[in-house]
Amino acid sequence: MSDILLQSRDARGVVTLTLNDPARFNALGQEMLQALQHALDTLALDEQLRAVVLAAHGKAFCAGHNLKDMAAHPELSYYQQLFAQCSRMMLSITRLPVPVIARVQGIATAAGCQLVAQCDLAVASTEARFATSGINYGLFCATPSVPLVRNVPFKHAMEMLLTGDFIGAPEAQARGLINRAVPPEQLDAQVEQLLQSIVQKPATAVRMGKALMYRQRELGLDAAYALAGETMACNMMDADAQEGAQAFAQKRQPHWRGAI
(Lines give C-alpha, C1' and ligand atoms only; values in the text may rest on other atoms or scores of the structure.)
Protein backbone atom coordinates (compact mmCIF):
# COMPACT_ATOMS: atom_id res chain seq x y z
CA MET A 1 0.00 0.00 0.00
CA SER A 2 1.33 3.42 -0.99
CA ASP A 3 2.04 5.96 1.77
CA ILE A 4 -0.57 8.18 0.13
CA LEU A 5 -3.23 5.71 1.29
CA LEU A 6 -2.87 3.89 4.61
CA GLN A 7 -4.66 0.66 5.44
CA SER A 8 -5.33 -1.07 8.73
CA ARG A 9 -7.50 -4.01 9.74
CA ASP A 10 -8.96 -5.20 13.02
CA ALA A 11 -9.91 -8.67 14.26
CA ARG A 12 -13.54 -8.21 13.19
CA GLY A 13 -12.68 -7.82 9.51
CA VAL A 14 -13.11 -4.03 9.52
CA VAL A 15 -10.62 -2.28 7.24
CA THR A 16 -9.81 1.42 7.50
CA LEU A 17 -8.49 3.20 4.43
CA THR A 18 -6.97 6.58 5.30
CA LEU A 19 -6.27 9.27 2.70
CA ASN A 20 -2.80 10.44 3.66
CA ASP A 21 -1.88 13.43 1.51
CA PRO A 22 -2.76 16.32 3.83
CA ALA A 23 -0.39 18.78 2.12
CA ARG A 24 -2.59 18.52 -1.00
CA PHE A 25 -5.82 18.28 1.00
CA ASN A 26 -6.11 14.60 0.05
CA ALA A 27 -6.92 15.56 -3.53
CA LEU A 28 -8.03 12.84 -5.93
CA GLY A 29 -5.07 12.98 -8.25
CA GLN A 30 -4.09 10.00 -10.38
CA GLU A 31 -1.85 8.51 -7.68
CA MET A 32 -4.57 8.69 -5.02
CA LEU A 33 -7.17 7.28 -7.42
CA GLN A 34 -4.86 4.41 -8.34
CA ALA A 35 -4.18 3.64 -4.69
CA LEU A 36 -7.89 3.64 -3.84
CA GLN A 37 -8.75 1.50 -6.86
CA HIS A 38 -6.10 -1.08 -6.01
CA ALA A 39 -7.29 -1.24 -2.39
CA LEU A 40 -10.96 -1.58 -3.34
CA ASP A 41 -10.27 -4.22 -5.99
CA THR A 42 -8.29 -6.26 -3.45
CA LEU A 43 -10.90 -5.88 -0.71
CA ALA A 44 -13.68 -6.94 -3.06
CA LEU A 45 -12.13 -10.43 -3.11
CA ASP A 46 -11.83 -10.68 0.69
CA GLU A 47 -14.53 -13.03 1.98
CA GLN A 48 -13.69 -12.20 5.61
CA LEU A 49 -14.26 -8.46 5.11
CA ARG A 50 -17.16 -7.04 7.15
CA ALA A 51 -16.96 -3.26 6.65
CA VAL A 52 -14.70 -0.48 5.37
CA VAL A 53 -14.10 2.92 6.93
CA LEU A 54 -12.86 5.68 4.64
CA ALA A 55 -10.98 8.28 6.69
CA ALA A 56 -8.42 11.04 6.10
CA HIS A 57 -5.52 12.82 7.74
CA GLY A 58 -5.25 16.60 7.90
CA LYS A 59 -7.63 19.52 7.81
CA ALA A 60 -9.48 18.28 4.75
CA PHE A 61 -11.28 15.02 4.20
CA CYS A 62 -10.86 15.45 0.44
CA ALA A 63 -10.74 18.56 -1.72
CA GLY A 64 -11.67 16.75 -4.92
CA HIS A 65 -9.56 16.84 -8.04
CA ASN A 66 -6.36 18.89 -8.14
CA LEU A 67 -7.17 21.90 -10.32
CA LYS A 68 -3.47 22.75 -10.68
CA ASP A 69 -2.85 19.37 -12.29
CA MET A 70 -5.92 19.79 -14.47
CA ALA A 71 -4.82 23.23 -15.63
CA ALA A 72 -1.38 21.83 -16.49
CA HIS A 73 -2.92 19.30 -18.92
CA PRO A 74 -5.40 21.17 -21.15
CA GLU A 75 -6.17 18.10 -23.22
CA LEU A 76 -9.55 16.45 -23.73
CA SER A 77 -8.05 12.96 -23.59
CA TYR A 78 -6.45 13.72 -20.21
CA TYR A 79 -9.73 14.94 -18.73
CA GLN A 80 -11.67 12.01 -20.17
CA GLN A 81 -9.19 9.56 -18.67
CA LEU A 82 -9.15 11.31 -15.28
CA PHE A 83 -12.92 11.41 -14.88
CA ALA A 84 -13.34 7.85 -16.15
CA GLN A 85 -10.73 6.71 -13.61
CA CYS A 86 -12.53 8.55 -10.82
CA SER A 87 -15.94 7.22 -11.85
CA ARG A 88 -14.61 3.66 -11.86
CA MET A 89 -13.29 4.11 -8.33
CA MET A 90 -16.58 5.59 -7.12
CA LEU A 91 -18.54 2.69 -8.60
CA SER A 92 -16.16 0.27 -6.89
CA ILE A 93 -17.33 1.64 -3.54
CA THR A 94 -20.93 0.87 -4.44
CA ARG A 95 -20.01 -2.57 -5.79
CA LEU A 96 -17.94 -3.50 -2.76
CA PRO A 97 -20.03 -6.18 -1.06
CA VAL A 98 -19.75 -4.69 2.43
CA PRO A 99 -20.82 -1.31 3.85
CA VAL A 100 -18.43 1.61 3.43
CA ILE A 101 -18.57 4.36 6.06
CA ALA A 102 -17.09 7.81 5.42
CA ARG A 103 -15.44 9.27 8.53
CA VAL A 104 -15.41 12.97 7.65
CA GLN A 105 -13.23 15.14 9.86
CA GLY A 106 -12.82 18.19 7.58
CA ILE A 107 -13.94 19.82 4.36
CA ALA A 108 -15.21 17.70 1.49
CA THR A 109 -15.46 19.62 -1.75
CA ALA A 110 -16.32 18.75 -5.38
CA ALA A 111 -15.18 15.14 -5.96
CA GLY A 112 -14.48 14.98 -2.22
CA CYS A 113 -18.16 15.67 -1.56
CA GLN A 114 -18.88 13.07 -4.23
CA LEU A 115 -16.76 10.59 -2.28
CA VAL A 116 -18.86 11.16 0.84
CA ALA A 117 -22.10 10.80 -1.11
CA GLN A 118 -20.85 7.61 -2.75
CA CYS A 119 -20.22 5.87 0.57
CA ASP A 120 -23.06 3.82 2.05
CA LEU A 121 -22.98 5.69 5.36
CA ALA A 122 -21.27 8.85 6.57
CA VAL A 123 -20.45 10.30 9.97
CA ALA A 124 -19.02 13.81 10.09
CA SER A 125 -17.51 16.14 12.62
CA THR A 126 -19.48 19.32 13.20
CA GLU A 127 -16.33 21.06 11.95
CA ALA A 128 -16.72 19.44 8.51
CA ARG A 129 -18.17 21.38 5.60
CA PHE A 130 -19.39 20.26 2.21
CA ALA A 131 -19.60 21.88 -1.21
CA THR A 132 -19.76 21.04 -4.90
CA SER A 133 -17.59 24.04 -5.61
CA GLY A 134 -16.47 23.44 -9.18
CA ILE A 135 -18.95 26.01 -10.47
CA ASN A 136 -16.87 28.70 -8.73
CA TYR A 137 -14.04 27.84 -11.12
CA GLY A 138 -16.13 27.46 -14.27
CA LEU A 139 -16.67 23.71 -13.95
CA PHE A 140 -20.10 22.28 -13.15
CA CYS A 141 -19.63 19.31 -10.80
CA ALA A 142 -21.23 16.84 -13.20
CA THR A 143 -19.78 13.60 -11.84
CA PRO A 144 -20.30 14.64 -8.19
CA SER A 145 -23.93 15.32 -9.10
CA VAL A 146 -24.54 11.61 -9.75
CA PRO A 147 -24.37 10.38 -6.12
CA LEU A 148 -25.39 13.78 -4.74
CA VAL A 149 -28.81 13.70 -6.40
CA ARG A 150 -29.23 10.12 -5.15
CA ASN A 151 -28.60 11.28 -1.58
CA VAL A 152 -30.36 14.62 -1.21
CA PRO A 153 -33.60 16.07 -2.63
CA PHE A 154 -33.27 17.41 -6.17
CA LYS A 155 -33.65 21.11 -5.38
CA HIS A 156 -31.11 20.91 -2.55
CA ALA A 157 -28.69 19.19 -4.93
CA MET A 158 -29.27 21.83 -7.60
CA GLU A 159 -28.63 24.62 -5.11
CA MET A 160 -25.31 23.08 -4.09
CA LEU A 161 -24.29 22.47 -7.71
CA LEU A 162 -25.30 25.89 -9.04
CA THR A 163 -23.98 28.03 -6.19
CA GLY A 164 -20.94 26.10 -4.98
CA ASP A 165 -21.76 27.34 -1.48
CA PHE A 166 -20.66 25.41 1.59
CA ILE A 167 -23.07 23.74 3.95
CA GLY A 168 -22.18 22.66 7.47
CA ALA A 169 -22.42 19.16 8.87
CA PRO A 170 -25.79 19.71 10.63
CA GLU A 171 -27.32 20.92 7.35
CA ALA A 172 -25.69 18.04 5.47
CA GLN A 173 -27.35 15.66 7.93
CA ALA A 174 -30.72 17.38 7.57
CA ARG A 175 -30.51 17.06 3.77
CA GLY A 176 -29.52 13.39 3.89
CA LEU A 177 -25.92 13.70 2.69
CA ILE A 178 -24.58 12.25 5.95
CA ASN A 179 -26.08 10.09 8.70
CA ARG A 180 -24.70 11.83 11.77
CA ALA A 181 -23.03 15.13 12.67
CA VAL A 182 -21.17 14.97 15.97
CA PRO A 183 -18.58 16.99 17.91
CA PRO A 184 -15.02 16.16 16.79
CA GLU A 185 -14.23 14.29 20.00
CA GLN A 186 -17.19 11.96 19.38
CA LEU A 187 -16.41 11.16 15.75
CA ASP A 188 -14.59 7.89 16.33
CA ALA A 189 -17.12 6.70 18.90
CA GLN A 190 -20.00 7.31 16.49
CA VAL A 191 -18.24 5.47 13.67
CA GLU A 192 -17.55 2.59 16.06
CA GLN A 193 -21.19 2.50 17.12
CA LEU A 194 -22.26 1.98 13.53
CA LEU A 195 -19.55 -0.60 12.93
CA GLN A 196 -20.43 -2.59 16.02
CA SER A 197 -24.06 -2.76 15.00
CA ILE A 198 -23.16 -3.88 11.47
CA VAL A 199 -20.62 -6.58 12.37
CA GLN A 200 -23.08 -8.12 14.83
CA LYS A 201 -25.43 -8.86 11.93
CA PRO A 202 -25.15 -11.93 9.65
CA ALA A 203 -22.58 -11.24 6.94
CA THR A 204 -24.61 -12.81 4.13
CA ALA A 205 -27.69 -10.70 4.86
CA VAL A 206 -25.60 -7.52 4.96
CA ARG A 207 -23.90 -8.31 1.65
CA MET A 208 -27.12 -9.29 -0.09
CA GLY A 209 -28.89 -6.27 1.34
CA LYS A 210 -26.33 -3.77 0.10
CA ALA A 211 -26.36 -5.22 -3.41
CA LEU A 212 -30.16 -5.15 -3.48
CA MET A 213 -30.44 -1.55 -2.32
CA TYR A 214 -28.35 -0.17 -5.17
CA ARG A 215 -29.91 -2.38 -7.83
CA GLN A 216 -33.54 -1.79 -6.88
CA ARG A 217 -33.07 1.98 -6.64
CA GLU A 218 -32.52 2.15 -10.40
CA LEU A 219 -35.54 -0.03 -11.27
CA GLY A 220 -39.22 0.60 -11.75
CA LEU A 221 -41.61 -0.45 -9.00
CA ASP A 222 -42.59 -3.83 -10.48
CA ALA A 223 -39.00 -4.83 -11.23
CA ALA A 224 -37.84 -3.62 -7.82
CA TYR A 225 -40.40 -5.79 -6.06
CA ALA A 226 -39.47 -8.79 -8.21
CA LEU A 227 -35.79 -8.36 -7.40
CA ALA A 228 -36.47 -7.78 -3.70
CA GLY A 229 -38.66 -10.86 -3.44
CA GLU A 230 -36.05 -13.06 -5.11
CA THR A 231 -33.36 -11.62 -2.84
CA MET A 232 -35.38 -12.38 0.29
CA ALA A 233 -36.12 -15.91 -0.88
CA CYS A 234 -32.42 -16.58 -1.53
CA ASN A 235 -31.50 -14.89 1.76
CA MET A 236 -33.87 -17.23 3.64
CA MET A 237 -31.94 -20.23 2.30
CA ASP A 238 -28.83 -19.00 4.14
CA ALA A 239 -28.00 -20.86 7.34
CA ASP A 240 -28.01 -17.66 9.40
CA ALA A 241 -31.51 -16.74 8.24
CA GLN A 242 -32.71 -20.22 9.13
CA GLU A 243 -31.06 -19.87 12.54
CA GLY A 244 -32.73 -16.48 13.00
CA ALA A 245 -36.15 -17.94 12.26
CA GLN A 246 -35.57 -20.83 14.66
CA ALA A 247 -34.34 -18.48 17.37
CA PHE A 248 -37.44 -16.32 16.95
CA ALA A 249 -39.72 -19.36 17.19
CA GLN A 250 -37.84 -20.64 20.25
CA LYS A 251 -37.67 -17.21 21.91
CA ARG A 252 -33.88 -17.17 22.22
CA GLN A 253 -30.97 -15.17 20.86
CA PRO A 254 -29.67 -16.33 17.48
CA HIS A 255 -26.12 -17.66 17.12
CA TRP A 256 -24.60 -16.44 13.88
CA ARG A 257 -21.83 -18.21 12.03
CA GLY A 258 -18.45 -16.60 12.66
CA ALA A 259 -19.89 -14.18 15.23
CA ILE A 260 -17.31 -12.07 17.05
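## A strand pair in the sheet

Phe130 sits across from Ile167 of β9. Strand β8 (residues 129-131) runs antiparallel to β9, with 2 bridges between them; strands here are DSSP E runs of at least two residues, helices are H or I runs of at least four, both numbered from the N terminus, and pairing takes at least two DSSP bridges. This is a predicted model, in which local features need pLDDT of at least 70, side-chain atom pairs count only at pLDDT 80 or more, and totals for chains, interfaces and linings use all residues. Residues are numbered from 1 along each chain as its sequence is written, and side-chain values use heavy atoms, leaving out hydrogens and water.

The open sheet has 4 strands in the order β4-β6-β8-β9, with mixed pairing. Its edges are β4 (60-62) and β9 (167-168), each pairing on one side only.

## The largest pocket

Now to the open spaces. Helix α9 gives the largest share, 6 residues.

## The second largest pocket

About 520 Å³ lies in the second largest pocket. Of its 25 lining residues, Ala63, Gly64, His65, Leu67 and Ala110 are closest to the centre. Contributors of at least two residues each include α2 (67-71) and β6.

Conventions: On a 1 Å grid over the protein atoms alone, a cavity is a set of points where a 1.4 Å probe fits but cannot get out, and a pocket is an open set with protein on both sides within 12 Å along at least five of seven lines; lining residues have an atom within 4 Å of a point. Grid points are joined across faces, edges and corners, and a volume is the space filled by probe spheres set on the points.
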